[in-house]
Amino acid sequence: MADLPPLRQTENGATSVERDALRGGPVRAAAALALAAAVFLAVVAIAGLGRLDADVVFLQDALGPEKAKAPLSRKPAPGVDVRIHDEGYTVSHKGASFSVVSQDVGDAEWKRHVYGVTRETDFGAETIVVKNGHTEEYLTVAKRQGVRTWRWQLATRLVPHIGSDGKVCFLDPTRKHSADISLDPVRVLDDQGRDITPKGLRWGLDDEGGTWWLTLKLDDSKLPLPYVIDPAANYPTPLNLRSTATSETGSWDLDGGTGTLNITTDNIPAQNTTGWYAWNPGVSNTTRLAALPATSDGMGWIVDPAGGATGFPAGNWSFTVVTDIPNANYTTGAAVLTVGVWKGTVSGGTFTPTGTILTPTDDLAAQNLRPNVNVTTTTVTYSLPAFSIAAGETLFVDYWRHQTGGMNTFSSTRRQLDFYVNDGNAFITHPAADDTAPSHSLSVAELTNPGGQYFDPTTATQYYNTAAGGTFRVDDAATDAGSGVASVTFPALAATGFTHTAITDTTSPYQSNTYTWTTANTTSPGAQAVSAVDNALNSSSPSPQLTLTRDVTAPAGQSLALVGGPYYTSLSVSLSAGDGSDGGSGLDTGSRLYERDSATLTNGSCGAFSGSWT
């Protein structure tokens, strides 16, 4: 494998500490680094460089407008420094550092934007986005690469390892425990957010003289363009309510970071009125709603940049908020929390809902948000169904104050209720995000006429002979590394002489109904899509195919001959045998049989010998 290209000295080059890190020298890292500035890797492939703006709009939105003098050193979160240099970028936090360098990206100059940089490469482009507490690298591939191993150098003293679920975790060798930093399993999506991850695709790790490389060997020859490889690491739990502006105009961010307490969000009901009052980020709101809205007003908290192909299993979602009355002498007037949750897309600064996850609902426990003169922490829990978020979609949350009792005071500060965010005390906890689709392991239980059928597990093909009828059942030992398998569906089949009724089995072991063929069948049914869904609604797509193939053709091309001759003087003679070939289910060499046919010696001639296979 190629070595890292020599580092160059330029005005924007890496510091000596960074150069040591990039060469695999000793660097310090800490668990806090993961919490303060998560590191993500993504590969985005499109049909041509000229179509970047049209096909990968989220990159343009994430980068923001071009800005020639935008700094290469950023502070995406308190205490976090990100330095973009010729080789890649380095994230530092309280003396700890973590460098990420993509191999073979060339040395083109960075084009600077408000939220990051981009530059051309021989395969397309490299983009680094530093925004909302995140540092994320993208490789844009303008043409197919065939079989290629993508490599990123990970400069850190932590020791990475790949878990059974495909996630890359890191061990702190000094403290001898896992650090709070990881890279999610590889996911590949098409431009509609459908999961097209090639079966068995996983991250790889190479240790080259103490320097760790993250690798991804990918054959994209059969993938549709465009496609996206991106871990769903931007849905941690808890999701903190931040005071960071997002690409959605009027909304703030949901992420795992923290910062200085922000109390600029409040609402103030009119005297002696009841109703709903939205908490609009950074705004003092006095607008009363007589009824809850059916959809979002686009002024709330949103995961930005958008996540991709992430599923959430059904379970409890808890929303913790911190409220305070600025005038501590007045606590009259009960109010309860109302929460609404949507998923949707952001374009041009506008959020467009694509699905309602939680219709705006009052706190079922009716907890008072202003019970006394103290700062109040309130947690409201809702049971939400399973749902999924496709590529380009994001999670959006709105909060309202439902004033259930009027306040007979002329003082607006007495009626005011402040909404605290940003310091990690206001957050959302949820079931773990899951974007790992189930995997299959098919087998066949031969029921009647077992001698007339054969299952090839390598190709998941069931061969059958219509010289007589028969039956079988398909079993699927499906597994899922995330939320667990919810169900497996075996499709219906209705063809001349071959039948199967559809079934969705929700209990392991997952089994089909009985497949039946008769002598009337003359055509192979072919591929049958067996699909599995996990509890977070991830589907095994493209589904593995169970292929049903009619095989009524015997093997051909067998040969048997004596070795030597034409004269033999020994008592035993060697044979040379050829098994021939079979275009269907293949040869069963265990059925090989040699037979000798003998005849009476006549005029010194020998008896005949022949062999046959059954």
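The model is predicted, so local features need pLDDT of at least 70 and side-chain atom pairs count only at pLDDT 80 or more, while totals for chains, interfaces and linings use all residues. Residues are numbered from 1 along each chain as its sequence is written, and side-chain values use heavy atoms, leaving out hydrogens and water.

**Stop one: Ser512**

Select Ser512, in the loop between strand 41 (510–511) and strand 42 (515–517); strands are DSSP runs of E, at least two residues, numbered from the N terminus. Ser512 is buried, with a relative accessible area of 6% (buried means under 20%, exposed over 50%, partly exposed in between, with a 1.4 Å probe and protein chains only).

Now show what surrounds Ser512. Leaving aside residues up to four places away in sequence, Ser512 touches Arg473, Val474, Phe490, His500 and Ile503 (contact means heavy atoms within 4.5 Å). Look for the side chain of Ser512 reaching the backbone nitrogen of Val474 at 2.9 Å.

**Stop two: the cores**

Next, select Leu241, Phe319, Val339, Leu395, Tyr399 and Ile428, the residues with the most contacts inside the largest nonpolar core, which has 32 residues. Such a core is a set of buried Ala, Val, Leu, Ile, Met, Phe, Trp, Tyr and Cys residues joined through side-chain atoms within 4.5 Å. Apart from it lies another core, of 29 residues, among them Val82, Leu139, Val168 and Leu214.

**Stop three: Tyr568**

Finally, pick Tyr568, in the loop between strand 46 (559–562) and strand 47 (575–578). Is Tyr568 buried or partly exposed? Tyr568 is partly exposed, with a relative accessible area of 35%.

Terms used
Helix = DSSP H or I, 4+ residues; strand = E, 2+ residues; numbered from the N terminus. Polar contact = N/O pair within 3.5 Å; in protein donor to acceptor, adjacent residues only side chain to side chain.
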